[in-house]
Amino acid sequence: MVSPRLLDLARAVRDAGGRARLVGGCVRDHLIGLPSKDLDLEVHGLALDALRAILRRFGRVDEVGRSFGVLKVRVDGADVDVSLPRRDSRAGTGHKGIHAEPDPDLGETEAARRRDLTVNAIAWDPLTDTWIDPFGGVADVRAGVLRAVDPATFGEDPLRALRVVQFAGRFGWRVDPALAALCADMPLGELPAERIRGEVEKLLLRSTDLPHGWEVGRSTGAWAKVLPDWDRPCPTALVRAAAADIDPEARRLALLYAAAASGPPGLLDSLDRLRVFRVAGVRVRDLAQALVAALPVPDVPADGQLRRWADTCDVRLLCVLADRPDLLPRAEGLGVHDGPLPALATGADAVHAGFAPGPAMGAALRAVRDAQLDGRIHTPDEARALLHDLAAAHGAAVPP
């Protein structure tokens with residue numbers, strides 16, 4: 001789980017009188033045999049200045065969370081978040097209403113107590129290969145159960161209710177009844193949209209058992225509070241979409257949002273609540289809206305309809321959403337399975353035909369595109385000829 005250089009860092013901490021422990025998700029993922037890109041190292045027994053001095057021997061140190069006692073250093077090509085133990089206390093409402101105070105002498109049990117779930121409260125000593133597990137997280141990982149570390153403090157951060165939902169979906173783990181009751185009492189309405197969206201998209205993109213996670217969101221009342229249109233049984237289209245091999249991730253996300261809205265209307269309500277617009281250059285909101293607008297798919301759509309879908313919503317995604325894999329070979333034959341047909345005419349062609357920039361030119365180019373999508377023209381020469389005919393009909397000055 002650790003590189004030789006990270007072991008050297010742990011030894012340097014030990015030699016300075018401290019204790020370095022890997023904590024959080026990387027430990028949990030290691031227990032279940034999953035790779036983890038995020039490495040979190042918690043250092044006990046050293047003040048922040050002493051810790052910073054040690055880290056500078058291993059690479060450039062970024063103070064990403066000085067007030068929280070969190071530093072970042074790159075070790076063997078991997079970013080490592082290095083933190084001091086800290087005490088959390090409620091200082092207001094919402095996710096940001098939590099006051100954190102670094103305390104290097106807090107102790108490992110109390111440091112673990114501030115975490116949300118027992119499966120995330122396990123520490124590992126890389127120098128002795130031993131677990132520090134005061135709340136039974138290792139047993140819970142092996143049993144596949146989600147439990148709160150401390151019921152008295154779990155509710156301090158309402159985002160934790162949505163973390164339970166996405167963990168249930170990602171790992172297929174059952175939720176302890178006492179934890180489900182805690183989640184049901186969470187005031188999720190005070191959470192900002194971007195925090196909600198982060199947990200929802202982890203559920204959609206990373207789940208191994210999406211229907212289970214969806215049902216946890218429903219049974220704990222999370223959907224009723226943050227996404228009322230999702231407060232119903234998991235749509236079969238969403239299960240199908242989650243199993244589809246779609247790249248890049250942003251296109252897959254658009255498909256999943258569209259599938260989540262299948263059945264009752266409400267896609268735009270959901271996307272607007274989550275403030276979903278563009279992801280990695282993909283207009284996720286527009287694409288999801290176009291996919292839903294294309295439903296229901298006719299039994300035998302015309303070739304022109306397939307070409308038009310490629311212009312607006314992505315035929316491959318639509319085949320998944322509508323459960324129509326039979327249409328994909330036709331789309332491949334028409335050349336629109338991976339995107340729209342290249343345009344046969346440009347604005348320069350329209351100007352050459354005699355159109356001035358403006359509404360008439362736009363209408364002419366749309367008419368040419370319609371002719372191409374209907375299969376009435378197939379070459380740039382045919383498109384230019386049609387533009388000249390349209391210009392003559394419009395009364396434009398046609399070049400000699």
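In the predicted model, R21 has E42 of strand β2 as its bridge partner. This bridge belongs to the antiparallel pairing of strand β1 (residues 19-23) with strand β2 (residues 39-44), which extends over four bridges. Strand β1 is mostly covered, four of its five residues being buried.

The largest nonpolar core comprises 106 residues, of which L146, W223 and Y257 touch the most other members. Helix α13 (residues 249-260) supplies the largest share of this core, with nine residues. When neighbours within four places in sequence are left aside, the contacts of W223 are with L162, V165, V200, L203, W214, G217, R218, P228, W230 and D231. Another core, of 13 residues, lies apart from the largest one and includes F355, V368, L387 and A391. In soluble globular proteins, nonpolar side chains tend to be buried together.

Helix α14 (residues 267-274) and helix α15 (residues 284-293) have axes that come within 10 Å and cross at roughly 170°; because angles over 145 degrees count as roughly antiparallel, the two helices α14 and α15 are therefore roughly antiparallel to each other. On the α14 side the contact is formed by L267, L268, L271 and D272, which meet R285, A288, Q289 and V292 of α15. The residues of this contact divide into five nonpolar, one polar and two charged.

Several backbone features occur in loops. Most residues other than glycine have a negative phi, and most peptide bonds are trans. A cis peptide bond, with omega about -10°, joins D247 and P248, and P248 is placed in the loop between α12 (236-243) and α13. The peptide bond from L295 to P296 is likewise cis, with omega near -5°, and P296 is found in the loop between α15 and α16 (303-312).

Positive phi values are found at D76 and D129, neither of which is a glycine. For D76, phi is near 55°, and the residue lies in the loop between β4 (70-75) and β5 (78-83), where D76 is exposed with a relative accessible area of 51%. For D129, phi is about 55°, and the residue is located in the loop between β8 and β9 (130-132); at 54% relative accessibility, D129 counts as exposed.

Conventions: Residues numbered from 1 in each chain as written. Predicted model: local features only at pLDDT ≥ 70, side-chain atom pairs only at ≥ 80, totals over all residues. Heavy atoms only, no water. Axes fitted to C-alpha atoms, helices over the stretch in contact; angles between N-to-C directions. Parallel < 35°, antiparallel > 145°, perpendicular 65-115°, else oblique. Contact = heavy atoms within 4.5 Å. Nonpolar A, V, L, I, M, F, W, Y, C, P; charged D, E, K, R; others polar. Core = buried A, V, L, I, M, F, W, Y, C linked by side-chain atoms within 4.5 Å. Buried < 20%, exposed > 50% of the residue type's maximum accessible area, 1.4 Å probe, protein only. Pairing = 2+ DSSP bridges.
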